[in-house]
Structure formats: C-alpha cells, structure tokens
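Trainee: I have a structure open here and would like to talk it through with you. Can we take it topic by topic?

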Amino acid sequence: MLGGCALAACGRIDFAELNANGGDAPGSGDGPNGSGFSSLVAYGDQTCALYKGTAYCWGANNNGQIGDGSNNDAITPSRVLLPAGSVNALSEGDVSGCAIVDANLYCWGTPTGPTPTQIPLGAPATAVAAGKNFSCVIADMTRCWGQNDTGQCGTGSVAPPATPTSVNFIPAYPATQIDAGDDHACAFAPGQPPQCWGHNDSGALGTGSMSPTTSVDPVGVIGGITSLPRIAGWHACGLVGGTVWCWGEGNSGELGNGMTNNSATPVMVSGLSNVTALETGGGPVDHDASCAISGGNVSCWGRGELGRLGNGMTVSESTPVDVLGLPGAATSVAVGFAHGCALLVDGDIWCWGRGDRGQLGDGNKTDSMAPVKVVRPTT
C-alpha cells in the first residue's frame, strides 16, 4: 500500500532505481522524451503518479487524500496542489499523501486537510512514506508521526507523536529508504539488514518470531534481504538478488510459496527470477496481495477478490500468476487495497481490480478484471 522511499514514495519502485537512489525517481518509465507518467504509487483506494513532472492522484478522496483541494472522488487524474518546483518524492497513504518538493515536505489529507501543507523539518527531506494514519520521513534523521497504537512510529513508546519524531534506532542506523504500511514501517540502509517496527502479528516484522505482537523499537529483518521491504497490511516482501522473499500473513497465499500459512521468516516466492520491480498492497487480516516485474512481465499473487491479481479471475493464488492484457512491457507496479496498476515503457498506466472509487483512473467507477488505461491529463 509506499503507499514511501528515498527520493520517492511509499513503494512502487523498480529495483535498479532502488539500488541507485532509493525509490521512484521522477522520469523513470516516463515515455518518449518525458511525455508520459512516472513515479507510480498506490495505497488504499487511490493511485498517484507524476505526469510530465506534475503530481496527479485519482480515486477515493473523502479525507482529502488526493490533495486537489476537495473531498470529491476523482475518476481520472486530478492535479495535486503542490507549489511550483521539482517533485523529488511522491507517497500515498490510506487517508493522506505526502510529497517532497525541492527538499521540502508537504502533506495532505488527514489531519492537515485536502490542500498540501508544508511540514517543518529543519533539514532537507530525502525520503517520505505515508501509511495508514501515520507517516515517516528521512531528513537529517528518520522520523515518524501520527497514529502509534502498535508502535508504528518506532519512537520507543505507543504515545502518538503529533510532529515528526525520531525513530529509536539502537544502535544508530543510517537509513536512506523507508516504507510505511497499515501499522508497521521499515527502513533500509544499503549493505545492512532492513529494520522494521510496529505490528508483528503473523510475523510481519520478519524477525523469525511472532512474539511480541508489537515492537515500539526497530528490529532487524533476518534472511539476507538486500532491499527495502515492501510492506502492506500484515505481510512484507523483499529482494535477495533478483528473487523475491516474503514473510508474515499467508492465509490467502500472500507469501507466494505455494502455501497458505504464516511465516515469521522470509520464504522465497516460487517461479520468479531477475525481478526488477516489486510491490505489496492490501490491508490487515487476509487481504494482501503482491506484484513483481520480471522481463517486463507483471505477475501477482495473494488475495484475488475483484480481479485484483489481473489474471481475469477472482480467486486467490499462492504462487505468481501473469497479469493479462497489458499492451507492452512494464517498468513499475503499484498495489492498493484491492487494485493494481502498472507503468509501461511508453509512459501509460494501466490498472485493474476494484474501481468503485475511481481508483483505476479510466473515467469510470466500475471494477475491471482486465487492465484498463488511465486517462492522461490534458492540463
């Protein structure tokens, strides 16, 4: 669902970019001469991307989470009312969104309102991740704020910080990338194991243990994960070379290993190699799914309701299945609560699954079991 990462957003990253600069770099997969979309992100029932360098969102907007100054759902991309400047990062959460513009952090939705508001940091922002009712940023240090009932802000307590507050890394951890989910978060520093904190039911923190059920301080992910974990409701996935490894909730096949049991230890997803992009999405208790790109082909696994796996079916799958009907090779992928989207090499975005809030961006509020093309902005 980051919906964040260094120089980008809550997820929806390609692996080459992740290693180079930590996330969705504006301009990645943006079509000939920068003429299309880039920096695709999704969370909950909304989707966002840059179009020719300008941020647009579409889908659910009852909390002002698409940042266009209104509370009206958008069935096609609606411009986020950010100030003029270079959008260095874009992240979408469940009821809020955030962006970094010229190293300054702006957020919208709950609790700041439907128009982007600058969040004072006192240092240049380099990465941001909006989750469910909480957000995290990397500036001079890693900081989180918002809901904290399961320790998802990582501050050493469950008191909810109203302003960005330092994550309690012990020992110090030089994070450059970050992602936020429903009620836990993860950070990554190249060459070091990822650190995660918050909700650990079903083993979502990847420590090898399902107890305690929450961690208010960061703990290390085991298993040799070499990328920022992509996190959703109660499961997470990461890369080891070009293979995908997942952990946490597995009742709907979210772990991709052909099983339907939980795992507190990363297990390898079946049948995938040379993976160049990875994303997870969903919500707590058996609603998660993941997608990956290999050779330009998009494959998904996990919960299959409403056609969210893109294979023309509504059943869950415990091993990856191909998304059918994409008209070209994909460069990045995004997954929301019950929909998915792919950015193609020509700069177009295609989405599938649940569409009742306009999250597919095709001008309708209908579900689609096959990918449909997002309408390109005219302004």
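Trainee: Which cysteine does the disulfide join to Cys237?
Mentor: The disulfide joins Cys237 to Cys246, with an S to S distance of 2.0 Å, where a disulfide is taken as a pair of cysteine sulfur atoms within 2.5 Å. This is a predicted model, in which local features need pLDDT of at least 70 and side-chain atom pairs count only at pLDDT 80 or more, while totals for chains, interfaces and linings use all residues. Residues are numbered from 1 along each chain as its sequence is written, and side-chain values use heavy atoms, with hydrogens and water left out.

Trainee: Are those two cysteines buried or exposed?
Mentor: Cys237 and Cys246 are both buried, meaning under 20% relative accessible area, with exposed set at over 50% and partly exposed in between, for a 1.4 Å probe and protein chains only. Their link is right-handed, with 100° about the S-S bond.

Trainee: How many disulfides does the count come to?
Mentor: By that distance rule, the count comes to seven disulfides. Another of them is formed by Cys341 and Cys351, whose sulfur atoms lie 2.1 Å apart. The torsion about the S-S bond of Cys341 and Cys351 is about 110°, so this disulfide is right-handed. Cys341 sits in strand S28 and Cys351 in strand S29, ten residues apart; strands are DSSP runs (E, at least two residues), numbered from the N terminus.

Trainee: Changing topic, which residues have the most contacts inside the largest nonpolar core?
Mentor: They are Phe37, Trp58, Leu82, Leu90 and Ile349, in a core of 30 residues; such a core is a set of buried Ala, Val, Leu, Ile, Met, Phe, Trp, Tyr and Cys residues joined through side-chain atoms within 4.5 Å. Strands that each supply at least two residues of this core include S7 (87-92), S8 (96-101), S28 (339-344) and S29 (349-353). Apart from it lies another core, of 19 residues, with Cys153 and Phe134 among them.

Trainee: In what order do the strands of the open sheet run?
Mentor: The four strands follow the order S7-S8-S9-S10 with antiparallel pairing, where two strands pair if DSSP finds at least two bridges between them. The edge strands are S7 and S10 (113-118), each pairing on one side only. S7 and S8 pair over five bridges, and the bridge partner of Ala89 in S8 is Ile100.
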